[in-house]
Amino acid sequence: MKTLYAAFSGTIDTVLTALVSDGVLPADASFKNVTLEPPRDPSHGDLATNAAMVLAKPAKTNPRALAEQIAAKLEAEAGILSAEIAGPGFINLRLDPAAWLDELQAIAALSEDYGRSTIGAGTSVNVEYVSANPTGPMHMGHCRGAVVGDALSSLLEFAGHDVTREYYINDAGGQVDVLARSAHLRYREALGDDIGAIPEGLYPGDYLVPVGEALANQLGDRFKTAAEEEWLPVFRSEAVARMMELIKSDLAMLGIHHDVFSSEAALHEAKKPDAAEAWLREHDFVYDGVLEAPKGKAPPEDWEPVELPLFRSTKFGDDQDRPIKKSNGAWTYFGADLAYHMQKAEKADELIDIWGADHAGTVKRIKAAVAALSEGKGKATPFDVKLVQMVQLMRGGEPVKMSKRSGNFITIADMVDEVGKDVVRFTMLTRKPEAQMEFDFAKVVEASKDNPVWYVQYAHARIQSTIRKAAEDEGVSPSADGIAQLGDEEIALIRRAAQFPREVEAAAKAREPHRIAFYLYDLATDLNSFYSLGNTDTEKRFILKQDKGLSSSRLFLAAAIGQVLRNGLRVLGVEAVDRM
């Protein structure tokens, strides 16, 4: 079943194809950039298209002249009452109200599938997000990227993509040795040692206390006084495993579950960086060269030029070629990351990484690496990096104090325990990820229009309450039998609901799940505005004692709006509550 925007987009394609046959448009004219959207001013019509603006140049005519020919054909199409030319050549369409009523029934018929798209069909996408170092519980610094990545994954799935959610475990660096030493200290503590103050450089959080106790129960005291080289490998592996259990538990509190957990240590054990280097050398993307001295300041006294294997990232827009190994032969972080992205690109058509804004400096080189892989394989691998800004935690306008549980940060568990999963998730999507954000514990639970998550959930709960009340008090239920009697205010509400499928496609193409949150707030606003009409005009209420037929039709409209709200909230991973 085609939704309204899809159906009338098809009508425009039919008209443009006819103009090609008429010789008005050239045979090679591309309709790719032709759009159909609601006009900025609803008084101008129901739909607007830029077809004449886009195609005037290839048609070798001016936009208004072409618009006249397009408009004449559009007016002859079913469901279109008029096609009016505006400005330099935009065409505003006025539809037969029956088209909107058909859409209302389409929402009911498609139900949970309303808004679902096939634009991503046949395309596999790997979305890597969170990927926090496995050294402690998930904290606020990870939360926004976790929600953005998970919502984006759901959005892409709803738009037809085959999505793999991936977490990259950074378990091969020096921070893992610090974790192992910190866990060993807590292990000794569990065995009765007085460890005193946590030494500088180790992780002080109480979250390692149960790790130490578990290791004491598992291993006994055989590593209590052993030399570090004996216990470090064991404690590294055990501590990472237990931290990942904690991380998965914290993410589950947000409703987040990954499909794949890839280990950096396993990457090295499998010699993937060596294989990547060999492949890149074979395709002349890696060479042995000498790095330039650091720019902008005098090099350190002990600095001297060293020949290193360098990746040709300047070929892809980076400002310098990047080393994939250090002078001691160890892999640089970039070298390992390059091999990791090569591994992902072998399995997915497209790659998306969700990173903190503090990683902005590495975007060019990783994009260059993926571009090189694509060029060498002769198969483009689209790659996008979404940068997410940190969130400032507030309480009533004042910065929040740190968490005792973690030692020095607010955990995701702290947040979810206090305000709930849905509040955290929706709030993280109320601004573009690249914009700064404040999360005020007091404001995010306010029952007001200024609190988007409450306002959208309230709109859904209000619909469900109205439907229950109508059934209990008046014996009336939603019905499409008399929807032809719905008026202009109701049609305006359907117009907003009908935008959901195009919002899904636009958000999926832009990789911007926050657009769905914005849309849901607008839909909730329109719904609540319609409810407010009944405060001054009793004839505008959903439940009319004197007209059960109209009541049933309005309830059918309300149920459809509720369905759209549920579908959108499901994409965001937020529950559509029935009572508040």
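Reply: Arg186 counts as buried, because its relative accessibility is 7% (buried means under 20% relative accessible area, exposed over 50% and partly exposed in between, with a 1.4 Å probe and protein chains only). This is a predicted model, in which local features need pLDDT of at least 70 and side-chain atom pairs count only at pLDDT 80 or more, while totals for chains, interfaces and linings use all residues. Residues are numbered from 1 along each chain as its sequence is written, and side-chain values use heavy atoms, leaving out hydrogens and water.

Arg186 belongs to helix 6, residues 174-190. Helices (H or I, at least four residues) and strands (E, at least two) are DSSP runs, numbered from the N terminus. Setting aside neighbours within four places in sequence, Arg186 touches Ile195, Ile198, Pro204, Gly205, Asp206, Leu208, Val209 and Gly212, where contact means heavy atoms within 4.5 Å.

Ala492 is partly exposed, because its relative accessible area is 35%.

Now to a pair of helices. Helix 5 (residues 140-158) packs against helix 14 (residues 421-428) at an angle of about 80°, their axes being 9 Å apart. Axes are lines fitted to C-alpha atoms, for helices over the stretch in contact, and angles run from 0 to 180 degrees between N-to-C directions. Helix 5 and helix 14 are therefore roughly perpendicular to each other (65 to 115 degrees; under 35 is roughly parallel, over 145 roughly antiparallel and the rest oblique). Met140, Cys143, Arg144, Val147, Asp150 and Ala151 of helix 5 meet Val424, Arg425 and Met428 of helix 14. The residues of this contact divide into six nonpolar, no polar and three charged.

Helix 15 spans residues 452-474, and its 23 residues reach 32 Å from first C-alpha to last, close to the 33 Å expected at 1.5 Å a residue (1.5 Å times one less than the number of residues). After helix 15 comes Gly475, with a positive phi near 65°.

Finally, there is an open sheet of four strands, in the order 1-2-4-3 with antiparallel pairing. Strand 1 (36-37) and strand 3 (80-86) are its edges, each pairing on one side only; two strands pair if DSSP finds at least two bridges between them. Strand 2 (residues 47-49) and strand 4 (residues 90-95) pair over three bridges, and Thr49 stands opposite Ile91 in strand 4.

How values were computed:
Ala, Val, Leu, Ile, Met, Phe, Trp, Tyr, Cys and Pro count as nonpolar, Asp, Glu, Lys and Arg as charged, and the others, Gly among them, as polar.
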